Amino acid sequence: MKKVRKMVNKHLPVTLKVINTVALVAIALSAICAADSLKEMSGKGAAPASITETN
């Protein structure tokens, strides 16, 4: 039992750091996607092809 506890204590900080980094990357990517969506909805992005063709 002590061997398992030592192994967990040894690897836990690294595991938590990896999970933290992955979570931060996921948050950053979702923020970028949300910003693009908001830009598109506000009309400040490139005009959609259907609008460009009709005008």
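Reader: Is L12 buried, exposed or partly exposed?
Author: In this predicted model, L12 counts as partly exposed because its relative accessibility is 40%; buried means under 20% relative accessible area, exposed over 50%, and partly exposed in between (1.4 Å probe, protein chains only).

Reader: Thanks! Where does L12 lie?
Author: L12 lies in helix α1; helices are DSSP runs of H or I with at least four residues, strands are E runs of at least two, and both are numbered from the N terminus.

Reader: And where does α1 bend?
Author: The bend is at H11, about 40°, with the proline P13 following within four residues. That angle is between axes fitted to the seven residues ending there and the seven starting there.

Reader: What comes just after α1?
Author: G43, which takes a positive phi of about 90°.

Reader: How many helices and strands does the chain have?
Author: Two helices and zero strands.

Reader: Changing topic, what share of the chain is buried?
Author: Buried residues are 0% of its 55 residues.

Conventions. Residues are numbered from 1 along each chain as its sequence is written. This is a predicted model: local features need pLDDT of at least 70, side-chain atom pairs count only at pLDDT 80 or more; totals for chains, interfaces and linings use all residues. Side-chain values use heavy atoms; hydrogens and water are left out.
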